[in-house]
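This report describes one protein model, starting with a single residue and then moving to the whole chain and selected details. Please have the sequence and the structure at hand while reading.

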Amino acid sequence: MIATNEFSTDRFYSKKVGDLHFRNLRVCPPETPIFQVAQIMAKEKVSIFFIAHSEKEILGFVTDITLRDKVVANRLSFETPVGEIIDKNIIFIQKEAFLYEALLMMFQTKTRYLLVRDHGQYVGWISRNKILSEQSQGPFIFIQAVRQAMDKDELKEKWAMVPGIIHQLVAKGLKAQIINQIITAVTDTIALRIIENTIRQIGPPPAKFVFFVLGSEGRAEQTLKTDQDNAIIYEDKANEQREMVREYFLDFAERVSADLDHVGIVFCTGGFMAKNPKWTHSLSHWKRNYETWIQESTQETVMKYSTFFDCRAIYGEFGLLEELKEFMDQQLENPPERFFVNMGANALLYEAPLTFFKNIRTFKIDGEKHFNIKKAMTPFVDLARLFSLKHRIFETNTGNRIEGLRKKGVFSDNEATELYHAYYYLMTLRLEKQSLQMIDKAEEPKNFVSISQLTKVQMATLVEIFKVIKEFQLKIKIEFTKNIF
C-alpha cells in the first residue's frame with residue numbers, strides 16, 4: 001500500500017525547476033500546415049509543440065491529443081494552418097520555482113505541460129511525466145492515482161490512504177504549507193473526478209458555471225479534519241431559462257455533495273455547500289450577496305459570511321469568479337466604516353488561552369487537559385484576511401496574505417516572519433496530532449490537543465505564540481475598532 005511506503009522527499013522538495021533537464025523551446029508560425037508540425041513532433045519525439053511568431057510571445061500549442069481529437073477524429077485536412085487548432089491556455093512557471101510547485105500547478109490547472117520562464121523570457125518546457133519520474137513513489141504519484149480512480153468507491157479507498165502519507169511527510173519534517181497544498185491537491189482532484197462523473201451521468205450543464213471552494217479549502221490550508229465548503233456561480237440567463245438552469249445546478253450540487261460525503265469529505269454542519277439553495281446562484285445574485293455583506297455589514301453577517309472572502313475556483317468557467325472578485329474590489333474601494341469595524345471585532349472574538357500566570361488555559365476531556373488548536377489558529381487567519389481586504393490584496397492563502405502585506409509595508413519584515421512561523425508551527429502540530437489519531441487510535445481526526453502529549457519545548461513555544469496573538473490583537477483594536485481597552 002502507498003500509505004506504508006517510505007517517500008524520498010528530502011531531495012525532491014529541495015529541487016527546483018531549473019535543476020531539471022527541461023526541453024528547449026522550439027516554435028513555428030501559426031500558418032504552418034498541420035502535417036509539417038506533426039512531422040517535426042515525430043522527428044524530435046515530443047508530444048507538444050508551441051506555436052508563435054517568436055519565442056517572446058507564445059500564441060498557443062498543439063499536443064498529440066490535439067492532433068487526435070481535432071484533426072484525425074474530425075477528418076480535418078492536414079494542410080490546415082496549425083493556428084486554427086491550437087490550445088491558447090498558456091501556463092508557465094519560473095525557473096527558480098520548486099518542482100513540487102510545478103506539479104501542484106499542473107494538477108490544479110489540469111495541464112500536462114508548463115512553459116519555463118527565466119528573467120521574463122521563455123527558456124523551455126517541462127512535462128508532468130518528466131517531473132513524476134523524479135520520484136519512484138510519493139504523494140504526487142498518489143495524486144496521479146487519484147486522478148485515474150473510476151468511481152466514488154475507489155476514491156474513498158484513496159482518501160483513506162491520506163493520513164498515512166501525511167504522517168510520513170510530517171515525520172520527515174516537510175513544511176506544513178507544502179503538506180497543506182498536497183492535501184488540497186488531493187481533495188481538489190477528488191472533487192474534480194466527482195464533478196466530471198456527475199456531468200457524464202446527468203448531461204452537460206445548460207449554462208456556463210464555476211464550482212468554487214471556501215474556508216480552509218479556499219485558502220489551500222486543509223488538514224485531515226476537513227468538511228465541504230463549496231458553492232456554484234452560473235451565468236445569468238433569460239427569464240424563460242432561469243428555472244431550468246437552476247433546477248439542473250441544484251440537482252448537480254446535490255449529487256456532487258453526496259458523493260464527496262461518501263468518499264469521506266463530509267457535509268458541512270453549517271450548510272455552506274452548493275447543495276444548499278442559498279449557495280447556488282447566478283452571477284448577478286452573487287454580486288448582490290457581496291454588496292449586502294459589505295454595504296449593510298453587521299457583526300453577525302461578518303461572522304457568518306467571512307468565509308466567502310476565502311474563495312477559490314476549482315472547476316468550470318473561472319472567469320465568473322474573477323468577475324465577482326472584481327466587483328468585490330470595487331465595493332472595497334470605499335466601504336462603509338462599519339464593515340471593517342465589524343471585521344475587526346470578529347477577529348478579536350478569540351482570546352488567546354493564556355492564564356494570568358502565562359500558562360496555557362485548558363479544558364478537560366475524560367480527565368485529560370486539552371486545548372483547541374483550530375481556535376488557536378483562527379486569529380492568524382482572521383488577522384491576515386482583515387488586513388488583506390483593507391489593503392485589497394486578493395490572495396486567499398494565509399501565508400501568501402502575510403507575504404503580500406509585508407511587501408506592501410503593512411507588516412514589517414520581523415512582524416511578517418513572526419506571524420508566518422507561528423501560524424505554520426501550529427499547523428504542523430495540528431497535522432501531526434491528527435494523523436496520529438487516525439493511524440494509532442483509529443479515531444476520527446480532532447482539533448483538540450492533549451497537554452500531556454506535548455514536550456516542554458512545545459509548551460514553551462505555544463506560550464510564546466499565544467503572546468504573539470495578544471500583541472497583534474492589540475494592533476487590530478487600535479487600527480480597526482479604535483478601542484484599546
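D366 counts as exposed, because its relative accessibility is 81%. The terms used here are buried for under 20% relative accessible area, exposed for over 50%, and partly exposed in between, with a 1.4 Å probe and protein chains only. D366 sits in the loop between strand 11 and strand 12 (368-372). Helices (H or I, at least four residues) and strands (E, at least two) are DSSP runs, numbered from the N terminus. Although D366 is not a glycine, its phi is positive, at about 50 degrees.

A220 also has a positive phi in a residue other than glycine, near 60 degrees. The loop between helix 9 (215-218) and strand 8 (230-234) holds A220. With a relative accessible area of 16%, A220 is buried.

## Basis and confidence of the model

This is a predicted model, in which local features need pLDDT of at least 70 and side-chain atom pairs count only at pLDDT 80 or more, while totals for chains, interfaces and linings use all residues. Residues are numbered from 1 along each chain as its sequence is written, and side-chain values use heavy atoms, with hydrogens and water left out.

The predictor's confidence in each residue is given as pLDDT, from 0 to 100. For the protein the mean pLDDT is 89, and 95% of the residues reach 70 or more. Over residues 1-9 the pLDDT is below 50, and this stretch has 24 contacts in the model beyond near neighbours in sequence. A contact means heavy atoms within 4.5 Å.

## The whole protein

The protein contains 18 helices and 13 strands. Along the principal axes, its C-alpha atoms fill a box of roughly 80 × 55 × 45 Å.

Of the 485 residues, 52% are buried. Among contacts with a separation of 6 or more, 72% come from residues 24 or more positions apart. The accessible surface is about 23000 Å², and carbon and sulfur atoms account for 50% of this area. Accessible areas come from the Shrake-Rupley method with a 1.4 Å probe, and for residues only the protein chains shown count as cover.

## Helix 3

Which residues of helix 3 (residues 64-72) are buried? They are T66, L67 and V71. These residues lie on the same side of helix 3, because they cover an arc of only 95 degrees around the axis. The arc is that of the directions from the helix axis to the C-beta atoms. Helix 2 (34-44) and strand 3 (57-63) are among the elements that cover the buried residues of helix 3.

A pair of aromatic rings is described by the distance of the centres and the angle of the planes. Rings of Phe, Tyr and Trp (its six-membered ring) pair if their centres lie within 6.5 Å; planes under 30 degrees apart count as stacked, over 60 as edge-to-face and the rest as tilted. The structure has 36 aromatic pairs. One of them joins F209 and F252, with ring centres 5.4 Å apart and planes at 70 degrees, so the pair is edge-to-face. This pair links distant parts of the chain, since F209 is in strand 7 (residues 209-213) and F252 is in helix 10 (residues 239-263), 43 residues apart. F209 is buried at 5% relative accessibility, and F252 is buried at 0%.

F252 also forms a stacked pair with Y248, at 6.3 Å centre to centre and 10 degrees between the planes. Both Y248 and F252 belong to helix 10 and are 4 residues apart, about one turn of the helix. Y248 is buried, as is F252. Helix 10 also contains D259, which is buried with a relative accessible area of 14%. Leaving aside neighbours within four places in sequence, D259 is in contact with K152, I194 and T198.

## Y350 in its loop

Y350 lies in the loop between helix 14 (337-347) and strand 11 (363-365). Is Y350 buried or exposed? Y350 is buried, with a relative accessible area of 15%. Not counting residues up to four places away in sequence, Y350 touches K375, A376, P379, I469 and Q473. A313 is 37 residues from Y350 in sequence and 29 Å away in space, C-alpha to C-alpha.
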